[in-house]
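Colleague: Before I take your labels on trust, can I ask how you got to each one? Put the model up and we can go through them.

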Amino acid sequence: MANDTSVPPPPPPDGPPSRRDGTRIEAGHVEPPPGSGKRRLLPRLTLPGCWGALVLACLSFTPSLLPRGGVLQGLICGISAAIGYGLGVVAAHVWRAFADRDARPASRRSWHVLLIGAVVLFGLAFGFGQYWQHRIRGLMGVTDYNVLTAVLCPFIAALVFWLLLLAGRGLRRVYHWAARLLGRRIGPRAARVVGWILVVGVAWSVFSGVLLGGFVNAANEAFSVRDTQTPEGVQQPTSTLRSGGPGSLVPWDSLGRQGRAFTGSGPTAAQIGAFTHHSAREPIRAYAGLETADSTEARAERAVADLERAGGFARGNLLVMTTTGSGWVDPAAVDSFEYLGNGDSATVALQYSYLPSWLSYLVDQSKAREAGRDLFDAVYDVWSKLPQDRRPRLFVAGESLGSFGGETAFSGEADLRNRTAGTLFAGPPNFNTLFREFSDDREPGSPEIEPVYKDGRTVRFTDDPTTGFPPADRPWDGTRVLYLMHPSDPIVWWSPSLALSEPDWIGEKPGTDVLGSMVWMPFVTFWQVTADLPFSTGVPDGHGHTYKAAYVDGWNAVMRPSGFTAQDLDRLREIIQPQG
């Protein structure tokens, strides 16, 4: 007994504790009861990751720019929770590295605390979220509310979270597999680094090249079929003043759906005369669709040739309109221009994509740039060769991606002032070159939602033209350039930089239709505003990305027609956007 020869147990291995099969236990994992014999149906979770997921999921209920339904809120909540989970896992790993300690399983008590905290915090966040959404709907006059989707919101969030978590675990498995293969030829540290680079690169290539590319191609095919249709109530024009009509150089069938809607509608001379109480002219509308010619430059030349054939350069007012992606021209923009010009006007536009505005906004920027530049250059080439006393007043306009395309024909404020009689852009995307220049170089003290650029001598901004165009105490002579942009328009304010940096417009006094309780949070605000994009036009006029009646006062300021009273403008707003 005194000479005990038993061998002492070996020291524990370095690193996290191991199971009997030799695999490591990650920090915070929940182990199944011993001997249960049941296979795990759900992926294991770490405690730090769960706390991160809970925090960002709760923050996702904070207000954004537009009212959100339950399905959309569930999607945002699930994405935010997945991001929070990843951040929690990374934060725990970094802390252990600095503390020089190994991972260890979380205690049962820690999981109980998490469960209680999740019930309390998520319940409060959900309740406050419903309150904030109610207030946003009140600011915008939105009455729709679906109780069922609101109830389903947490379940949708959980589903999205698990799907993203499983996708992440799948990528991690691929990484381990790649690192093992590389470890046979290079050192383990280099194998881990190269493995991550390979996995991230392949994942991004698959997403951008296969998934995103396939989605865009499928959408392009679907909307190209829709482009062959004609909107209900639209008839081929019988006037020689319209593309697609008698004598036109552009066949009716080549105009596309939006081109046919543009040339086959609009106010007549009689309707304009009834408003102005003067003898009015029939407006001219020229257009070229994607099927009209193979290139943007050729389509621009065809549209301008048809404009010249119809006598567009002999009118008093000539408008170059850059369309949105699908070729859509907002009727409110052109109708207002024609009414205020008493029909003595001509408008030219062309199509550059089949995709709808919100999708073109993401993938068709280069096409919009070419369309805006080629169309204006083709018009300006003919216009500039006319005798000065026979030239019409030349205007430029565009909404959303159309404003981006319209801007590309000009180098800056002086170019807009020297080569046009006036410009009206509505809902400019945040990446617009000139818009960003004017906004970033604004006068100190002027807010980003309504900046003042160089005393407002040429360029001005407003969210509601009926209330004026600041700065009201400074002259606005010569050519006028006006931007219409709502504080609640996600097209105007969305930017990739939202993920990691706070923009000025959130830190400043909010606009009239944005809650003061909206704050910036890393990642969360970016996903919230991103989710607002597809639904930006689903709100009443005067909010979000919906610009209708504002065109009346906007064009009245830019064109400066004579003889119209405030009551006349009220009547025209009712014509452009009837209040029903």
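What follows is a conversation about a predicted model and the reasoning behind some of its labels.

Colleague: Let's start with Thr-276. Why is Thr-276 called buried?

Modeller: Buried means under 20% relative accessible area, and Thr-276 has 8%, so the label applies. You'll find Thr-276 in helix 7, residues 269-276.

Colleague: What makes the pairing of Thr-276 and Asn-342 a polar contact?

Modeller: The cut-off for the N or O atoms is within 3.5 Å. The side chains of Thr-276 and Asn-342 are joined at 2.8 Å, so the pair counts. Setting aside neighbours within four places in sequence, Thr-276 is in contact with Tyr-339, Asn-342 and Phe-564.

Colleague: And Met-518? Which loop is Met-518 in, and why is Met-518 called buried?

Modeller: Met-518 sits in the loop between helix 16 (504-507) and helix 17 (524-532). The relative accessible area of Met-518 is 5%, and the limit is under 20%, so Met-518 is buried.

Colleague: What is Met-518 in contact with?

Modeller: Beyond the neighbours within four places in sequence, Met-518 has contacts with Pro-63, Ser-64, Leu-65, Trp-505, Ile-506, Thr-525 and Val-529. As for Gly-507, eleven residues away along the chain, its C-alpha atom is 9.2 Å from that of Met-518.

Colleague: Now helix 18. How do you know how far helix 18 is enclosed by the rest of the structure?

Modeller: By counting: nine of the ten residues of helix 18 (residues 550-559) are buried, so the helix is largely enclosed. The buried ones are Ala-550, Tyr-551, Val-552, Asp-553, Gly-554, Trp-555, Ala-557, Val-558 and Met-559.

Colleague: What covers the buried residues of helix 18?

Modeller: The cover includes strand 2 (317-322), strand 4 (393-399), strand 5 (422-426) and strand 7 (480-484), along with helix 9 (331-340) and helix 19 (566-576).

Colleague: What about helix 2 and helix 4: how do their axes cross?

Modeller: Helix 2 (residues 70-99) and helix 4 (residues 147-183) have axes that come within 7 Å and cross at roughly 35°. This crossing is right-handed. The contact includes Gly-74, Gly-78 and Tyr-85 of helix 2 and Cys-153, Ala-157 and Arg-169 of helix 4. Its residues divide into 15 nonpolar, five polar and one charged.

Colleague: Last one. Which residues have the most contacts inside the largest nonpolar core?

Modeller: Those are Phe-313, Val-379, Tyr-483, Tyr-551 and Trp-555, in a core of 103 residues. Helix 11 (residues 365-383) gives the most to this core, eight residues. Another core, of 19 residues, lies apart from it, with Leu-54, Tyr-85, Cys-153 and Ala-157 among them. In soluble globular proteins, nonpolar side chains tend to be buried together.

Terms used: Residues numbered from 1 in each chain as written. Predicted model: local features only at pLDDT ≥ 70, side-chain atom pairs only at ≥ 80, totals over all residues. Heavy atoms only, no water. Helix = DSSP H or I, 4+ residues; strand = E, 2+ residues; numbered from the N terminus. Buried < 20%, exposed > 50% of the residue type's maximum accessible area, 1.4 Å probe, protein only. Polar contact = N/O pair within 3.5 Å; in protein donor to acceptor, adjacent residues only side chain to side chain. Contact = heavy atoms within 4.5 Å. Core = buried A, V, L, I, M, F, W, Y, C linked by side-chain atoms within 4.5 Å. Axes fitted to C-alpha atoms, helices over the stretch in contact; angles between N-to-C directions. Left-handed = near helix turned anticlockwise from the far one by under 90°. Nonpolar A, V, L, I, M, F, W, Y, C, P; charged D, E, K, R; others polar.
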